[in-house]
Every structure is written in structure tokens, then in C-alpha cells.
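Hello,

Here is the structure I promised to pass on. Please open it first, then read my notes below.

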Amino acid sequence: MRKKIIAGNWKMYNDVNGTVNLISEIKKVMSDKNLNAGLIVCPPFTNLETASELLKDTSIKLGAQNMYFEESGAFTGEISPLMLKSVGCEFVILGHSERRTIFGEGDQVINKKIKTAIKHALKPIFCIGETLDEREKGVTFKVIETQLKNGLEGLGEGELANLIVAYEPVWAIGTGKVATPEQAQEVHKFIRELIAKMYSQNFASQLIIQYGGSVKPENAKELLGQADIDGALVGGACLKAESFIKIAEVC
Ligand code: PGA
């Protein structure tokens with residue numbers, strides 16, 4: 001039985017004060033609840049240390065939203081896996097569609113990042129997903145297959161024990177347009193079957209595959225009720241403690 005994991009991708013929201021407030025609120029809201037799901041929060045880089053301190057006495061894990069694939073060097077403006085480890089990060093989101101489309105990250109760069117994250121024992125939340133154009137052209141599965149194979153190239157099953165895959169249809173991110181539970185389940189099933197072919201049935205059956213794209217308390221139950229949906233990567237709705245925890249409560 002796979003444990004459901006709800007991760008909050010804060011994106012470029014909240015300064016240090018906002019981080020203190022939101023984490024305090026999350027702690028308060030969840031204090032009288034017995035959540036079955038695991039929780040991860042991914043604040044901006046500048047707030048990771050503050051968040052880490054605040055999360056010490058909780059079961060909530062800390063993640064970053066990106067990182068560079070080198071350990072150190074002359075890479076102005078970049079953050080290394082060692083730096084993330086040093087502020088208490090356990091997870092790192094890699095290959096988010098905003099990184100792909102706005103910042104031009106391709107599969108090869110994402111593959112290097114996944115490899116470096118694993119080398120430093122950071123657990124990747126590896127995002128994949130098709131654009132609206134790709135869905136309308138009927139190439140969704142092909143896009144997913146390419147992203148998955150390229151992103152994981154050269155990595156063996158043993159190295160991927162802590163991998164989380166997040167299926168995030170680009171057309172559903174921040175748009176309020178959520179994939180129907182059937183649409184999401186269809187792709188999640190495809191991902192799991194493909195992973196079984198690439199690795200093994202056993203590995204595929206244990207892999208956590210999150211759905212992301214306009215997940216809200218109102219649609220979480222149906223989405224998370226699907227056989228192959230093991231959690232959510234939440235953007236907008238994770239910025240309010242109430243809605244973040246409500247999503248976790250349906251698990
Ligand atoms: P959203 O973002 O929930 O605001 O659509 C999800 C994401 O980008 O991870």
C-alpha cells in the first residue's frame with residue numbers, strides 16, 4: 001500500500017515573515033487532525049532555513065523548488081544540492097513545467113539534476129506533463145514517455161528508490177482547469193506501466209506518482225481516490241493552511 005504524499009509548491013510566494021506565518025498556520029490547523037498523508041512544503045530558497053527550524057518538531061518534510069546539477073563552482077545565481085542539504089532539505093522539485101517553459105530547461109539538464117540530487121541523497125519530485133497543444137494533437141503519451149525516459153536515463157532501479165514522479169498537465173497548472181479524475185488516472189496508469197517495463201513490476205507498484213494542476217479541496221477527493229494517484233503537488237491551494245490541510249485530509 002503506497003502512502004499518499006501531498007507536497008506544497010509555494011513557487012515565488014512568501015518572504016521570511018510570510019513563511020513563518022504560513023508554517024505556523026499549517027501547524028495549528030493540523031494539530032488536532034490525524035493525517036494519513038505525508039506532507040512536504042517547498043518554500044523559496046531564501047526561506048528554507050527558517051522553514052527548516054519551524055518544521056523541526058513536526059512530521060512535515062522540507063523540499064526545494066529547483067537546484068543546479070553541480071556541487072559548487074562559478075555558477076552565478078545557482079544553488080547546489082549541498083546547499084540544500086545544509087539547510088535541511090530532504091526533497092527537491094525538478095523539471096517543473098515553469099522551469100521547462102520559462103527558464104528553458106530541457107530533458108538533458110533535468111536528467112543531470114536528478115542524478116546529482118540522488119548522488120547527494122536528495123529525493124527528487126520529478127515533474128512531467130503535456131501542454132494543451134500536445135494533448136489536442138493526441139501525443140500526450142508520447143510526450144510523457146519521452147520526458148520520463150530522458151529524465152531517468154542512466155539511472156537504475158536501486159538509485160531511484162526515493163523518486164517521486166509528479167504528473168502535471170501543463171494546461172492544468174495555475175489555470176483552474178483541472179484534469180478529470182479519469183484523464184489523470186489514465187496517464188498515471190500509463191506512467192506506472194511504463195516504469196514497470198523500464199524497471200520492474202515491483203518497483204512500479206511502489207512508486208509514488210503525484211498529480212498536480214489546480215488541485216483544490218473541492219476536487220482532491222475524487223482525484224486522490226483514483227487507483228494510481230498517490231498524492232498531489234499543489235501550487236495555489238497550498239498557500240493557505242486550511243486548503244493545504246483539507247487536501248491532505250481526504251487521503
Ligand atoms: P497549481 O500548481 O496547483 O497552482 O495549478 C501546481 C504546480 O505548479 O505544481
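**Notes on the ligand and the barrel**

A polar side-chain atom of E168 lies 2.6 Å from an oxygen atom of the ligand. That is a polar contact, meaning a pair of N or O atoms within 3.5 Å. The ligand, taken alone, exposes 280 Å², and the protein buries 95% of that. These accessible areas come from the Shrake-Rupley method with a 1.4 Å probe.

This is a predicted model, where local features need pLDDT of at least 70, side-chain atom pairs count only at pLDDT 80 or more, and totals for chains, interfaces and linings use all residues. Residues are numbered from 1 along each chain as its sequence is written, and side-chain values use heavy atoms, with hydrogens and water left out.

Backbone atoms reach the ligand too. A backbone N or O atom of G174 lies 2.6 Å from a ligand oxygen atom. For G236, a backbone N or O atom lies 2.8 Å from an oxygen atom of the ligand.

How many residues surround the ligand? There are 13, and the closest are K11, H96, E168, G174 and S214. A residue counts as near if one of its heavy atoms lies within 4 Å.

Now the fold. Eight strands close into a barrel, in the order 1-2-3-4-5-6-7-8, with parallel pairing. Strands are DSSP runs (E, at least two residues), numbered from the N terminus. Two strands pair if DSSP finds at least two bridges between them. Strand 5 (residues 123–128) and strand 6 (residues 164–167) pair over four bridges. C127 stands opposite A166 in strand 6.

Best wishes

Conventions
A polar contact is a pair of N or O atoms within 3.5 Å; within protein, one must be able to donate a hydrogen and the other to accept it, and residues adjacent in sequence count only if both atoms are side-chain atoms.
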